Amino acid sequence: AARRRRGRPRIGVVTLVDPAGASTARFAAAARFNGAALENKRAYAAHHGYELIEFEARTTPERPAPWSKLLALSEHLGDFDWLLYVDGDALFANPEVCLESLVDGDYDLVLAEDWGGYNTGVFLVRNSAWARDFLKKMWAAATDWGLAARNPWYQHALPFEYEQRALHFFADTATWRRAAARHG
């Protein structure tokens with residue numbers, strides 16, 4: 001487990017690794033940069049004294065590899081105050097920015113937005129009952145057709161897939177409402 005240093009929250013950095021190639025077929029162009037991207041994460045974590053968790057991606061018919069981020073966060077959240085999830089193709093561009101500057105005890109989830117709304121490629125989650133429950137609900141959405149995370153009716157209709165679709169559904173985002181309005 002990570003150690004708290006002089007009042008600092010215990011923060012871990014989680015990324016998926018894919019030695020079996022479970023997800024590289026779709027992201028073949030980015031796969032050649034995986035080693036450099038992983039080194040970037042290792043250097044950033046070491047620079048700030050964060051533990052880097054390299055979680056092996058798992059693929060099942062119900063859950064393609066990207067769903068593994070929820071499993072990784074759920075398995076390790078209890079050891080930290082906060083976990084930052086970082087996709088394999090994301091990099092730390094400014095190593096001087098520390099994660100403590102981004103966390104706020106009033107929130108359980110810190111997300112960024114892009115053209116499609118909230119993005120789960122990089123996000124912070126706080127060790128809280130709400131966050132643990134939210135991760136469980138997102139995980140269950142992979143096999144609950146009524147939640148539309150895998151419902152074929154929404155396939156290709158939304159600007160996101162997998163666990164990101166579940167996030168938009170549960171958060172009832174503007175992106176989700178617009179997509180749902182277009183598709184009844």
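Helices (H or I, at least four residues) and strands (E, at least two) are DSSP runs, numbered from the N terminus. The model is predicted, so local features need pLDDT of at least 70 and side-chain atom pairs count only at pLDDT 80 or more, while totals for chains, interfaces and linings use all residues. Residues are numbered from 1 along each chain as its sequence is written, and side-chain values use heavy atoms, with hydrogens and water left out.

**Exercise 1. Describe the second largest pocket: its volume, its strands and its residue classes.**

Step 1. On a 1 Å grid over the protein atoms alone, a pocket is an open set of points with protein on both sides within 12 Å along at least five of seven lines, a cavity is a set where a 1.4 Å probe fits but cannot get out, and lining residues have an atom within 4 Å of a point.

Step 2. The volume of this pocket is about 340 Å³, counted as the space filled by probe spheres set on the points.

Step 3. There are 20 lining residues, and L84, F92, L99, L102 and V122 are the closest to the pocket centre. At least two lining residues come from each of β3 (82-86), β4 (109-114) and β5 (117-126).

Step 4. Sort the lining by class, with Ala, Val, Leu, Ile, Met, Phe, Trp, Tyr, Cys and Pro as nonpolar, Asp, Glu, Lys and Arg as charged, and the others, Gly among them, as polar.

**Exercise 2. Find the residues that line the largest cavity, and the element with the largest share.**

Step 1. The largest cavity holds about 40 Å³ of space.

Step 2. Its lining consists of L109, L111, T120, F123, F134, L135, M138 and L167. Two or more of these residues come from each of β4, β5 and α4.

Step 3. The largest share belongs to α4, with three residues. By class, the lining has seven nonpolar, one polar and no charged residues.

**Exercise 3. Work out how α4 is placed against α3 and α5.**

Step 1. Two packed helices are described by the angle between their axes and the distance between the axes. Axes are lines fitted to C-alpha atoms, for helices over the stretch in contact, and angles run from 0 to 180 degrees between N-to-C directions.

Step 2. Helix α3 (residues 68-76) and helix α4 (residues 129-140) have axes that come within 10 Å and cross at roughly 150°. Therefore α3 is roughly antiparallel to α4 (angles over 145 degrees). The contact (heavy atoms within 4.5 Å) joins L70, L71, L73 and S74 of α3 to L135, M138 and W139 of α4.

Step 3. The axes of α4 and helix α5 (residues 162-171) come within 9 Å and cross at roughly 120°.

Notes:
Angles under 35 degrees count as roughly parallel, over 145 as roughly antiparallel, 65 to 115 as roughly perpendicular and the rest as oblique.
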